[in-house]
Amino acid sequence: QVQLVEFGGGSVQSGGSLNLSCTPSGMIAGFAVMAWYRRAPGKERELVASITIDGIINVRGSVKGRFAISRDNAKNTVDLQMNSLKPEDTAVYYCNAIKDSIDFLHGGSWGQGIEVTVSS
């Protein structure tokens, strides 16, 4: 597994924006898939958005039109631009990266999580 480091969380008011960034701590070849998950208080972890190395994107319905995922394949970084934030977006956000099918079976690599708090 690779250590992933997340940046950019914090507290904002409803309607505000935040950008989350995730980068591996060391040199590594390209990840097949990079994604953001979140776990809200008292809820299960859920996928927010994912992007493959070829740029195929999957975004959770509840954040479509508000959140955008992007990646830099040269740097192995992935960003999550979050606009029009709502209190229900409050959660700990986790970066996830998968190298290949075998890595997928083991869940890939995870960041330590970063808090996002949206106040009404």
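Biologist: Which helix holds Asp103?

Modeller: Asp103 lies in helix α1, residues 101-105. Keep in mind that we are looking at a predicted model.

Biologist: How should I read a charged residue there, and which side chain of opposite charge is nearest to Asp103?

Modeller: The general idea is that side chains of opposite charge can pair when their charged atoms come close. Asp103 is buried but has no salt bridge, and the nearest opposite charge, on Lys99, is 5.2 Å away. A salt bridge would need the nitrogen and the carboxyl oxygen within 4 Å. There is still a polar contact to look at: a polar atom of the Asp103 side chain lies 2.8 Å from the backbone nitrogen of Lys99. Leaving aside residues up to four places away in sequence, Asp103 also touches Ala97, Ile98, Gly108 and Ser109.

Biologist: How many salt bridges does a search of the whole structure find?

Modeller: The search finds four. Let's start with Arg38 and Asp89, whose closest N and O atoms are 3.0 Å apart. Arg38 sits in strand β4 (residues 33-39) and Asp89 in the loop between β8 (77-82) and β9 (91-98), so this pair ties together parts that are 51 residues apart in sequence.

Biologist: Are these two partners buried or exposed, Arg38 and Asp89?

Modeller: Arg38 is buried, at 5% relative accessible area. Asp89 is buried as well, at 1%.

Biologist: Which other arginine forms a salt bridge with Asp89?

Modeller: Arg66 does, with its closest N and O atoms 2.7 Å apart. Arg66 comes from the loop between β6 and β7, while Asp89 is in the loop between β8 and β9, so parts 23 residues apart in sequence are tied together. Both Arg66 and Asp89 are buried. Through shared partners, salt bridges join Arg38, Glu46, Arg60, Arg66 and Asp89 into one network.

Biologist: Where do Arg60 and Glu46 come in, and how far apart are N and O?

Modeller: Their side chains form a salt bridge at 3.1 Å, N to O. Arg60 is in the loop between β6 (57-59) and β7 (67-72) and Glu46 is in strand β5 (residues 45-52), so the pair links parts 14 residues apart in sequence. Arg60 is partly exposed, at 31% relative accessibility, and Glu46 is partly exposed at 22%.

Biologist: Now to the strands. How do I read the two faces of one, and which residues of β11 are on the covered face?

Modeller: In a regular strand the side chains alternate between the two faces of the sheet. Strand β11 (residues 114-119) has Ile114, Val116 and Val118 on its covered face, and Glu115, Thr117 and Ser119 on the uncovered one.

Biologist: Which strands pair with β11, and in what sense?

Modeller: Strand β2 (residues 10-13) pairs with β11 in the parallel sense over four bridges, and Gly10 has Val116 as its bridge partner. β9 runs antiparallel to β11 and is joined to it by three bridges, with Tyr93 partnered by Ile114.

Biologist: What about β4, and which strands pair with it?

Modeller: β4 and β5 are antiparallel and share seven bridges, one of which sets Arg39 against Arg45. Five residues separate the strands in this hairpin, and among them Gly42 takes a positive phi near 75°. β4 and β9 are also antiparallel, with seven bridges, and Met34 stands opposite Ala97 of β9.

Biologist: How do I read the inside, and which residues of the largest nonpolar core touch the most other members?

Modeller: In soluble globular proteins, nonpolar side chains tend to be buried together. Here the largest nonpolar core has 28 residues, and Trp36, Leu80, Met82 and Tyr93 touch the most other members. Two or more residues come from each of β3, β4, β5, β7, β8, β9 and β11, and β9 gives the most, with four.

Biologist: And polar Ser50: buried or exposed?

Modeller: Ser50, in strand β5, is buried at 12% relative accessible area. Its contacts beyond four places in sequence include Val33, Ile56 and Ile69.

Biologist: To finish, is Ala29 buried or exposed?

Modeller: Ala29 is exposed, at 57%, in the loop between β3 (18-24) and β4. Ala29 and Ala74 are 45 residues apart in sequence and 9.2 Å apart in space, C-alpha to C-alpha.

Note on methods. Residues are numbered from 1 along each chain as its sequence is written. This is a predicted model: local features need pLDDT of at least 70, side-chain atom pairs count only at pLDDT 80 or more; totals for chains, interfaces and linings use all residues. Side-chain values use heavy atoms; hydrogens and water are left out. Buried means under 20% relative accessible area, exposed over 50%, partly exposed in between (1.4 Å probe, protein chains only). Contact means heavy atoms within 4.5 Å. Lys and Arg count as positive and Asp and Glu as negative; His and the chain ends are not counted. A polar contact is a pair of N or O atoms within 3.5 Å; within protein, one must be able to donate a hydrogen and the other to accept it, and residues adjacent in sequence count only if both atoms are side-chain atoms. Two strands pair if DSSP finds at least two bridges between them. A nonpolar core is a set of buried Ala, Val, Leu, Ile, Met, Phe, Trp, Tyr and Cys residues joined through side-chain atoms within 4.5 Å.
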